[in-house]
Amino acid sequence: MAALLNLDANLVCLRLLTPYQDGDVNLASAWECSRNDVCAGIAVLAAALLAWLFGAGWPDLLVALALLVVFLRSSARVFKASAQALRTAQA
């Protein structure tokens with residue numbers, strides 16, 4: 001139940017931030033973090049369901065790996081946008 005409430009709250013935040021996802025670096029980063037929170041919420045529910053279905057712990061590892069990829073891609077986008085903003089500000 002807590003995971004569903006968490007996911008719902010994060011979906012509200014993501015919806016509120018979506019118009020600003022292409023804004024300045026801070027707003028884009030906030031949107032990325034909110035989207036990552038939604039992904040993590042879905043992943044928690046999926047891992048729990050898969051672990052229950054298979055009676056094993058490997059779904060947790062699989063979901064953790066998938067989240068790692070999502071988070072690394074997100075951080076690369078924020079880093080790239082911040083580097084671009086820094087170059088623009090210095091010019």
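# A first look at this model

Colleague: Which residues does Asn 36 touch, not counting residues up to four places away in sequence?

Modeller: Leaving those sequence neighbours aside, Asn 36 touches Val 70, Phe 71 and Ser 74, where contact means heavy atoms within 4.5 Å. Please keep in mind that this is a predicted model, in which local features need pLDDT of at least 70 and side-chain atom pairs count only at pLDDT 80 or more, while totals for chains, interfaces and linings use all residues. Residues are numbered from 1 along each chain as its sequence is written, and side-chain values use heavy atoms, with hydrogens and water left out.

Colleague: And where is Asn 36 found?

Modeller: Asn 36 is in helix α2; helices here are DSSP runs of H or I with at least four residues, strands are runs of E with at least two, and both are numbered from the N terminus. Asn 36 counts as buried because its relative accessibility is 10%, given that buried means under 20% relative accessible area, exposed means over 50%, and partly exposed lies in between, with a 1.4 Å probe and protein chains only.

Colleague: What about Ser 74, is Ser 74 buried or exposed?

Modeller: Ser 74, which sits in helix α3, counts as buried because its relative accessibility is 3%. Its side chain makes a polar contact with the side chain of Asn 36 at 3.2 Å (a pair of N or O atoms within 3.5 Å; within protein, one must be able to donate a hydrogen and the other to accept it, and residues adjacent in sequence count only if both atoms are side-chain atoms). Apart from neighbours within four places in sequence, Ser 74 is in contact with Glu 32, Arg 35 and Asn 36.

Colleague: Then which residues does Phe 71 touch, beyond those up to four places away in sequence?

Modeller: Phe 71 touches Asn 36 and Ala 40 on that count, and Phe 71 is likewise placed in helix α3. Phe 71 counts as partly exposed because its relative accessibility is 35%.

Colleague: How many residues does α3 have?

Modeller: Helix α3 has 33 residues and reaches 48 Å from its first C-alpha to its last, close to the 48 Å expected at 1.5 Å a residue; the expected span is 1.5 Å times one less than the number of residues. Its buried residues are Pro 59, Val 63, Leu 67 and Ser 74, and what covers them includes α2.

Colleague: Back to α2, which of its residues are buried?

Modeller: The buried residues of α2 are Ala 28, Trp 31, Glu 32, Ser 34, Arg 35, Asn 36, Val 38, Gly 41, Ala 43 and Ala 47, and they pack against α1 (2-17) and α3. The 30 residues of α2 should span 44 Å at 1.5 Å a residue, and its end C-alpha atoms are 42 Å apart, which agrees. Just after α2, Gly 55 takes a positive phi of about 60°.

Colleague: Which residues does Ala 3 touch, again not counting those up to four places away in sequence?

Modeller: Ala 3, which lies in helix α1, touches Val 44 and Leu 45. Ala 3 counts as partly exposed because its relative accessibility is 24%, and Val 44, placed in helix α2, also counts as partly exposed because its relative accessibility is 47%.

Colleague: New topic: how much space lies in the largest pocket?

Modeller: About 170 Å³ lies there, a volume being the space filled by probe spheres set on grid points, which are joined across faces, edges and corners. On a 1 Å grid over the protein atoms alone, a pocket is an open set of points with protein on both sides within 12 Å along at least five of seven lines, whereas a cavity is a set where a 1.4 Å probe fits but cannot get out, and lining residues have an atom within 4 Å of a point.

Colleague: Which residues line the largest pocket?

Modeller: Among them are Gln 21, Asp 22, Trp 31, Glu 32, Arg 77 and Val 78. Both α2 (25-54) and α3 (58-90) supply at least two lining residues each, and α2 gives the most, with five. By class, the lining has five nonpolar, three polar and four charged residues (Ala, Val, Leu, Ile, Met, Phe, Trp, Tyr, Cys and Pro count as nonpolar, Asp, Glu, Lys and Arg as charged, and the others, Gly among them, as polar).
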